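Welcome, and thank you for taking a look at this structure. Let us walk through some of its features together, one group at a time.

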Amino acid sequence: MTTSTQTVPAGTGTGEPVLRAQGVTLRFGGLTSLDDVSVELRRGEILAVIGPNGAGKTSLFNCLTGVYLPQEGGIEFQAEPGGSWLSLRGRKPHLVNRAGVSRTFQNIRLFNALTVLENVQIAAETRVASGPVGIMLGLPGNNKAARAARHHSREMLDFVGLRGKESLIASGLSYGDQRRLEIARALASDPKVLLLDEPAAGTNPSEKLGLAQLIQRINTELGISILLIEHDMRLVMSVASRITVLNFGKVIASGSPAEVQQNPAVIEAYLGSGAVAEESVEAEAEAEAEAETVTDVVTETVTETETVTEVDTVTDVVTETDVVETEAVETETEAVETDTVAGTDADEEGSK
Ligand SMILES: Nc1ncnc2c1ncn2[C@@H]1O[C@H](COP(=O)(O)OP(=O)(O)OP(=O)(O)O)[C@@H](O)[C@H]1O
């Protein structure tokens, strides 16, 4: 496997940054979605970004991957240790991906009518200079590239546990397998950094466990640094080496899982969020009795949200083509009109 070199110790990182956002501020009209946010992902680590609903987590991912252009702040990526730093701010999403930063989405985005293998192959073909179109047109030298992309796609499908399901239609997969397929597709472009946006949303407990193991293997066996948004605190605590907490667009805490769990500002942010208030009295009493840490409280409150997410996600199909085109246009628009963010994807994210 081309990407199987373990370059760093499991999950802990080297201490050197690989991706950093500094002073990022993102506004939508009068709403400040991110307020002077600085986050640093260290090479080889798993960093979780948590926070109540609407805290700005997905907005941060969208800034890091070129979907949104923040009004202020810098975003930089260093592909190789000691190499030059590349500014990702204002870079189009597909160029961010080509630079080595890949992502999955909160709402699964697959080519539902294509096979499992084809879904990954399209992403793998972006590594070829002439891209999927060059391969489709049969341009010189592309047959070999197409074979290599197919081989690499199979490797990634094996890696995520989808061996034997290559020729199934993507929409026929179980929900947990669709999440795995999304991850395989994100891995197909050989990223240095992987951003996972709620990979366990809508999955059942055993699928969650499997996903936690997969995230750890991506980190340790492929040597990929991971930024993880996840509401399931058990999963977060089991895989993350550090956690950054957002609330109302601001970083309110950053540290080890143990430090963050005991941080009064974090406890306040979660206890003060609507999620807890919306729980039934019985569930709340149970949570109080059983939950000694913010972890448990959050895990309890997220269950309902995930059920809703699952329904939304299964019915809300967005093709990759739509995504790439919309995002590219959106970035261009934003580059000119820095105060206005509009477009299908923005609307979709905003209307969650
Ligand atoms: N395109 C947009 N237009 C307007 N407002 C937006 C847009 N995208 C995000 N927002 C707003 O920015 C804030 C942060 O949203 P974001 O989706 O980043 O939060 P989040 O922490 O990811 O929430 P969740 O956990 O529910 O996914 C919210 O108030 C949201 O409504």
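## Two helices side by side

Helix α6 (residues 175-187) packs against helix α7 (residues 205-221) at an angle of about 15 degrees, and their axes are 10 Å apart. The two helices, α6 and α7, are therefore roughly parallel to each other. Their crossing, as α6 passes α7, is right-handed. On the α6 side the contact is made by G176, R179, R180, I183 and L187, while α7 brings in E207, G210, L211, L214 and I218. Sorted by class, the contact of α6 with α7 has five nonpolar, two polar and three charged residues. Please keep in mind that this is a predicted model.

## The open sheet

Next comes the sheet. In which order do the strands of the open sheet follow one another? Six strands form it, in the order β6-β7-β8-β3-β9-β10, and the pairing is mixed. At the edges stand β6 (101-103) and β10 (250-255); each has a single partner strand, so one side of each is left without a neighbour in the sheet. On average, neighbouring strands of this sheet are turned by 20 degrees against each other, direction ignored. Helix α1 (residues 57-64) packs on the sheet and touches β3, β6, β7, β8 and β9 (242-247). The direction of α1 makes about 150 degrees with that of β7.

Is strand β8 enclosed or open? Five of the five residues of β8 (residues 225-229) are buried, so this strand is largely enclosed by the rest of the structure. Both of its faces are covered: S225, L227 and I229 are buried on one side, and I226 and L228 are buried on the other.

Strand β3 (residues 46-50) pairs with β8 in the parallel sense over four bridges. Strand β7 (residues 193-197) also runs parallel to β8, and five bridges join the two.

| Residue | Bridge partner | Strand of the partner |
|---|---|---|
| V49 | I229 | β8 |
| V193 | S225 | β8 |
| L196 | L228 | β8 |
| L26 | L34 | β2 |

## A hairpin and the segment before it

Strand β1 (residues 17-28) and strand β2 (residues 31-42) pair in the antiparallel sense over eight bridges. Together β1 and β2 form a hairpin with two residues between them. In the turn, G29 has a positive phi of about 55 degrees.

The segment before β1 holds G15. Is G15 buried or exposed? With 9 C-beta neighbours inside 10 Å, G15 counts as exposed. G15 and S254 are 239 residues apart along the chain, and their C-alpha atoms are separated by 15 Å.

## Two loop residues with positive phi

Finally, here are two residues in loops. D190 is found in the loop between α6 and β7. Its phi is near 55 degrees, a positive value in a residue other than glycine. With 15 other C-beta atoms within 10 Å, D190 is partly exposed.

E198 has its place in the loop between β7 and α7. Although E198 is not a glycine, it has a positive phi of about 50 degrees.

How values were computed
Residues numbered from 1 in each chain as written. Predicted model: local features only at pLDDT ≥ 70, side-chain atom pairs only at ≥ 80, totals over all residues. Axes fitted to C-alpha atoms, helices over the stretch in contact; angles between N-to-C directions. Parallel < 35°, antiparallel > 145°, perpendicular 65-115°, else oblique. Left-handed = near helix turned anticlockwise from the far one by under 90°. Contact = placed C-beta atoms within 7 Å. Nonpolar A, V, L, I, M, F, W, Y, C, P; charged D, E, K, R; others polar. Buried ≥ 20, exposed ≤ 12 C-beta atoms within 10 Å, placed from the backbone. Pairing = 2+ DSSP bridges.
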